[in-house]
Amino acid sequence: MSLFSAHSLYKSFGGIGAVQGVSLSVEPGEMLALIGPNGAGKSTCFAMLGGQIEPDMGEVRLNGVALHGGPVSFAHAGIGRSFQISKTFASMSVGENVQTALLAAQRQLWRLRSAADAQVKAEAICLLDRVGLAALADHDAATLAYGDTKRLELAITLAATPRVLLLDEPTAGMAQRERRAAMELVASLAQDGIAVIFTEHDMQAVFSFAHRILVMDRGILMAEGTPAEIAANPMVQNVYLGTV
Amino acid sequence: MLATLAIQALTGLSSASSLFLVASGLSVIFGVTRVVNFAHGSLCMLGAYLGWTVLTHLPRDPLSFALGVLIAALGTAMFGAWLEIVLLRRLYRAPALLQLLATFAVLLVMQDAIEHIWGPADLPLPRGPWLRSFVPILGERFPLYDLVLIAIGPLVLIALSLMVTRTRFGMLLRAATENRTMLAALGVDQRYLFTAVLALGAGLAGLGGALSLPENSANLGIDLRVITDAFVVVVVGGMGSIGGAYLAAVLVGVMQSLGILLLPKSSLVLVFVLMALVLALRPQGLLGKTGEAEETPRFHRLRAAGLWQKLAGGAVLVAALAIGLLGGDFARSVLEEMAVAALFAASLHLLLGPGGTISFGHAAWFGIGAYAAALGTTVLAVPLPLALILAVLAAGTMAFLIGLVLIRLSGVSLAMMTLAFAQIAWAVATQWDDVTGGDDGILGLWPPPWMGGTWFFLLCIALSATGVLALRAVIFSPFGFALRAGRDAPWRAAASGIDAEKLRLAAFTLAGSAAGLAGALSSFSKGSVFPSSLAIFRSVDALSMVLLGGVQSVSGPILGAIAYTGLFDTLLLASDYWRALLGLTLLALILWRPQGLAR
């Protein structure tokens, strides 16, 4: 039994089948890349994996148990995710963003106490340090550069100590040097035992970091394999890599 | 019995027609401009008064009646176009809350202007013979004019649908409703389009107003009555959907007239239950689409008060206590009013600020608290502390129940529905004479002798200050942070396990309870309760206080409340034209700072 798996997910919007029977699974410590041309259905797939969209058919399981109840219950079950266009809590400082996520994850929201409790603050700094933002803890989250916003979102996601991490284009909008650092950070998270599924347009990032690659096209999975296998697959080259 | 039911249903259909005319205008204007026109009922009222003036100068035959009604509608349309040019086009970029408040200010000014021109008395229309004739239906006599009204609704619906689907103007309307930015990028000059849309919407409202003349006189109560019904119809039907507006108008109209037959005292409650049912099943309304998300206004970083601010707050409190203890009864009553206002404003701020939800009917909770305390004292004869607790519980429970239904609605719809609920609560307070004393209110609510004068003053200040500080503590607690997280980035918050809807419902309940406490304190401070404690003006008081002080900070609304109570209540209320003055002041403030008054 896999840690996290999807079983023949279907989803259509107004008669157009965005995802038509996608199954996948991921193990602790594994980095699984989901790639495909624009409109392949990656984002819809991700939204079903994260609980944002309910599939028309099929289900998502954690340790063999089906997940239900939308994004909030998915989050509490241990599924963390980032969004393609990162959003953070704009009326808070960088540190408060992470503190809020920590308090939510520890189910402390209904306790009457200060949100700026010393212990929570220390935990937040620890997480920010991990993504390299500790120095900016007191800055307004709204004024961060885009790459830093992505990192802050990762820290927010990690605050929930997720067992599965869904990252939608973790390096989008970053400079080349930042990309490598960001992917190395993700790889270190996987080494700690988190199962990572990510989408990415940057093929260099995909082929140097993914353990396994799924290729989607027009709503279905058309190939699966190690980076070497995918790179050698003529169908994939034709549909996807040939156009690069 | 069956015949009576059928006749009553037909009467409902005829009132549905006028309701539809007004609501469709509101819906069209909202669809294109994204402005909820609070003054839409005033346009209807203007149509009625214009119609009265024209029709009293015309012969009393059907053709002249039709001509007169059309002239009134055209006049209202022109006024609507003028309103767009001088005011509304400056507001399109403003936050929804300010748009609502600005158009409410128009309502205030128009109320005084119309009263100034036509006088305060109701103006009934002298009816020609054809307006007094009846048609036999199922052995009963049914007014001919009601049949005419029944026909007009579907006719206008068809005309509007043809215009929307078949004409170039209609195509532009649809395009603008779908995506304004794209339409502008394609080179369509939106100014003319928006002016035309306002004229169309206003014309429909004017038509509705003039057509209602034979049954109701032209009177000064039309604006608020009509806008409440129109809000319900538009939200239940689906924002921006004309067909939905007709469907909802029929539902509400028939429900209201059958309700009078079945439950004479509670036809209003029936309408609200219907509304709750529809919105629970379909938050987007009967024929509404789950459209684009509304833009939420940008909030600045919220910082806890520094040492100096805390000291200043303490100094204000000490000064208030000193003035109250050394001064006389008048000073104490003014200070009590300010303290109550501060608590009331702070409770609304929890929703407007951290909650990110617009409530336009916050007076409901204030009033429910005030009446609960009053009834607890007079009917149940409980001592003052128990009456206060009763008030908090009553307002909190009602807020929870109403919130349960409404909290899923998006920004503007929530604003419209909270207003509708407050208006219904107000109507219940004015009509339920046996319990609430109707317009006469409940008198003689002075605190008992052992609690009177200075002691009550101290209690009032202490409880208001405690309430405000408790609300502040909530804002800076984990709950408050998560509430803001849900407002700032809803998807991100949900993915972090924050159930924003549940938090908002809790905030709604808490704000309602705090407002209820404010209402109860106010009723003991004044010794009486009147339906005005639930009226729309009370809600607008709170909104003005919060906006005056600034929604972006915790201390802003409190300062706003003190300033508003001190300045506006004493200066404006002394004038006969306080509505117009208040309206013009609000407009000036909003036009001066269209992005919000804070910072």
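Select Gly51(A): this residue, just after helix α1 of chain A, takes a positive phi of about 90°. Helices here are DSSP runs of H or I with at least four residues, strands are runs of E with at least two, and both are numbered from the N terminus. The model is predicted, so local features need pLDDT of at least 70 and side-chain atom pairs count only at pLDDT 80 or more, while totals for chains, interfaces and linings use all residues. Residues are numbered from 1 along each chain as its sequence is written, and chains are lettered from A and ligands numbered from 1 in the order in which they are written.

**Chain A**

Step back to α1(A), residues 42-50. Nine of its nine residues are buried, so the helix is largely enclosed by the rest of the structure. A residue is buried if 20 or more other C-beta atoms lie within 10 Å of its own, exposed if 12 or fewer, and partly exposed in between, with C-beta atoms placed from the backbone. The buried residues include Lys42(A), Cys45(A), Phe46(A) and Gly50(A).

Next select Ser86(A), in the loop between β6 (79-82) and α3 of chain A. Is Ser86(A) buried or exposed? Ser86(A) counts as buried, because 24 C-beta neighbours lie inside 10 Å. Leaving aside neighbours within four places in sequence, Ser86(A) is in contact with Thr149(A), Lys150(A) and Glu153(A). Contact means that the C-beta atoms of two residues, placed from the backbone, lie within 7 Å.

Two arginines come next. Arg107(A) sits in the loop between α3 and α4 (118-131) of chain A. Its phi is positive, about 55°, although Arg107(A) is not a glycine. Arg107(A) is exposed, with 11 other C-beta atoms within 10 Å. Arg218(A) is in the loop between β9 (212-217) and β10 (220-225) of chain A. Arg218(A) is not a glycine, but has a positive phi of about 45°. With 15 C-beta neighbours inside 10 Å, Arg218(A) counts as partly exposed.

**Where chain A touches chain B**

Show both chains. In this interface, 32 residues of chain A are in contact with 23 residues of chain B. On the side of chain A that touches chain B, the elements giving two or more residues are α2 (70-77) and α3 (94-105). Which of them gives the largest share? The largest share, six residues, comes from α3(A). By class, the chain A side divides into 17 nonpolar, nine polar and six charged residues. Ala, Val, Leu, Ile, Met, Phe, Trp, Tyr, Cys and Pro count as nonpolar, Asp, Glu, Lys and Arg as charged, and the others, Gly among them, as polar.

**Single helices of chain B**

Select α4(B), residues 96-118. The helix has 23 residues and reaches 32 Å from its first C-alpha to its last, close to the 33 Å expected at 1.5 Å a residue. The expected span is 1.5 Å times one less than the number of residues. α4(B) is mostly covered, with 17 of its 23 residues buried. Just after α4(B), Gly119(B) takes a positive phi of about 85°.

Move to α12(B), residues 307-326. Its 20 residues should span 28 Å at 1.5 Å a residue, and its end C-alpha atoms are 28 Å apart, which agrees. α12(B) is hardly covered: two of its 20 residues are buried.

**Helix pairs of chain B**

Two packed helices are described by the angle between their axes and the distance between the axes. Axes are lines fitted to C-alpha atoms, for helices over the stretch in contact, and angles run from 0 to 180 degrees between N-to-C directions.

Select α13(B) (329-352) and α22(B) (536-549): their axes come within 9 Å and cross at roughly 75°. The two helices are therefore roughly perpendicular to each other. Angles of 65 to 115 degrees count as roughly perpendicular, under 35 as roughly parallel, over 145 as roughly antiparallel and the rest as oblique. Among the contact residues are Phe344(B) and Leu348(B) of α13(B), and Leu543(B) and Met545(B) of α22(B). The contact has nine nonpolar, one polar and no charged residues.

Finish with α14(B) (363-378) and α15(B) (384-406), whose axes come within 8 Å and cross at roughly 140°. That makes α14(B) oblique to α15(B). Their contact has 14 nonpolar, three polar and no charged residues.
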